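The sequence and the structure come first, and the description follows.

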Amino acid sequence: MRPLRLLSLVVALGLPLAVSAQQITVSAAASLTDAFKEIGPKFEAAKAGASVRFNFAASGVLLQQIGQGAPVDVLASADQETMNRGAEQKLVDTATRKDFVTNSLVLIEPAREGVGLKSLQDLTGAGVRKIAIGKVATVPVGRYTRQVLDGASLWTALEPKFVQADSVRQVLDYVSRGEAEAGFVYRTDAAIAGDKVRIAFTPTGHTPVTYPIAVVAESRQKALAGDFIAFLSTPAAQEVLARYGFGKP
């Protein structure tokens, strides 16, 4: 009987550990990379036995991954359009959807040897050979950019200068390395680059930059996924988001 009793004890002790060891995967817009990497450990500290891992990319790419069956529990998008598509495709639980931060679109140029951009019209000048933009089909910042340039009747004229990027962080890289004379990113991304880029100005004429978040419909950890979303409203998480330049919805 002793081996049986020992086995029972092992099972009794191991079961709580197995139950409490929960992990979720959060797919988040590239612009959230630094803030979420800091929030992750804070969430784990507040939720005993829980762990969170992140997958950062352009919002449209993240949605495509979920549609292809990627095991994701939470989707955080940099625009409403991507989340709307997720809802239409029944990939997210719409009852859990909420807006949690805001951002703003800015035009940047290299901090050194920039051309001194002061208006959108300046982008047509000979000094601007390349303009980095997010791919409109998959990168929200690209869609905000198109709205701005369409409103100024400049999209077609500037199109030959466009360098298409796979994410807002790639746009930032192109400009910070001097591979493009201008680029459209979020204010939070420009701040991350420090003294490598300069914000020329904040363009207008686009829909508000609001970030929605929701539990993925096929998540196997829906309760914990919901806990992560709720944690973003806590003072600990809000302090981090504000420090990285995100605004409240």
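## Contacts and core of the chain

Leaving out residues up to four places away in sequence, Thr210 touches Ala78, Asp79, Gln80, Asp99, Val101, Thr102 and Tyr144. The model in which these contacts are found is a predicted one. Thr210 is found in strand E10, and the residue counts as buried because its relative accessible area is 16%, which is under the 20% limit. The C-alpha atoms of Thr210 and Phe246 are separated by 9.8 Å, although the two residues are 36 residues apart along the chain.

**The chain as a whole**

The protein chain contains ten helices and ten strands, and buried residues make up 45% of its 249 residues. Taken along the principal axes, the C-alpha atoms fill a box of roughly 85 × 40 × 30 Å. Of the contacts in the protein chain with a separation of 6 or more, 77% are accounted for by residues 24 or more positions apart. The accessible surface comes to about 12,100 Å², and 54% of that surface belongs to carbon and sulfur atoms. The side chains include 27 positive and 23 negative ones, and the centres of these two sets lie 5 Å apart.

**Aromatic pairs and nonpolar cores**

With ring centres required to lie within 6.5 Å, the count comes to twelve aromatic pairs. In one of these, the rings of Phe36 and Phe228 have their centres 5.7 Å apart and their planes at 85°, so the pair is edge-to-face. Because Phe36 lies in helix H2 (residues 33–46) and Phe228 in helix H9 (residues 222–231), the pair ties together parts that are 192 residues apart in sequence. Both Phe36 and Phe228 are buried.

Tyr211 and Phe246 also form an edge-to-face aromatic pair, at 5.7 Å centre to centre and with 80° between the planes. This pair links distant parts of the chain, with Tyr211 in strand E10 (residues 209–215) and Phe246 in the segment after helix H10 (235–243), 35 residues apart. Both Tyr211 and Phe246 are buried. Ring pairs join these residues into a cluster whose members include Phe36, Tyr211, Phe228 and Phe246, along with Phe43, Phe54, Phe56, Phe100, Tyr144, Tyr186 and Phe231.

Which residues have the most contacts inside the largest nonpolar core? They are Phe36, Leu123, Tyr211 and Phe228, in a core of 68 residues. Phe36, when residues up to four places away in sequence are not counted, touches Val26, Ala28, Phe54, Phe56, Ala76, Phe100, Phe228, Leu232 and Leu241. A second, separate core has eleven residues, among them Leu62, Leu63, Leu75 and Leu91.

Met83 has its place in helix H4 (residues 80–88) and is buried, with a relative accessible area of 0%. Apart from residues up to four places away in sequence, Met83 touches Leu75, Ser77, Val92, Arg97, Pro212, Ile213 and Ala214. Met83 and Ile213 are 130 residues apart in sequence, while the distance between them in space is 7.9 Å, C-alpha to C-alpha.

Gly142 lies in helix H5 and is likewise buried, with a relative accessible area of 0%. Leaving aside neighbours within four places in sequence, Gly142 is in contact with Gly134 and Val136. The C-alpha atoms of Gly142 and Val185, which are 43 residues apart along the chain, are separated by 8.7 Å.

**Loop residues with positive phi**

Most residues other than glycine have a negative phi. Glu113, although not a glycine, has a positive phi of about 65°, and Ser153, also not a glycine, has a positive phi of about 55°. Glu113 lies in the loop between strand E5 (105–110) and strand E6 (131–134), whereas Ser153 is placed in the loop between helix H5 (140–151) and helix H6 (155–158).

Relative accessible areas of the residues described one by one are set out here.

| Residue | Relative accessible area | Class |
|---|---|---|
| Met83 | 0% | buried |
| Glu113 | 80% | exposed |
| Gly142 | 0% | buried |
| Ser153 | 64% | exposed |
| Thr210 | 16% | buried |

Methods
Residues numbered from 1 in each chain as written. Predicted model: local features only at pLDDT ≥ 70, side-chain atom pairs only at ≥ 80, totals over all residues. Heavy atoms only, no water. Phe/Tyr/Trp six-rings, centres within 6.5 Å; stacked < 30°, edge-to-face > 60°. Helix = DSSP H or I, 4+ residues; strand = E, 2+ residues; numbered from the N terminus. Buried < 20%, exposed > 50% of the residue type's maximum accessible area, 1.4 Å probe, protein only. Core = buried A, V, L, I, M, F, W, Y, C linked by side-chain atoms within 4.5 Å. Contact = heavy atoms within 4.5 Å. Areas by Shrake-Rupley, 256 points an atom, 1.4 Å probe, with all protein chains shown as cover. Lys, Arg positive; Asp, Glu negative; His and termini not counted. Charge placed at Lys NZ, Arg CZ, Asp CG, Glu CD.
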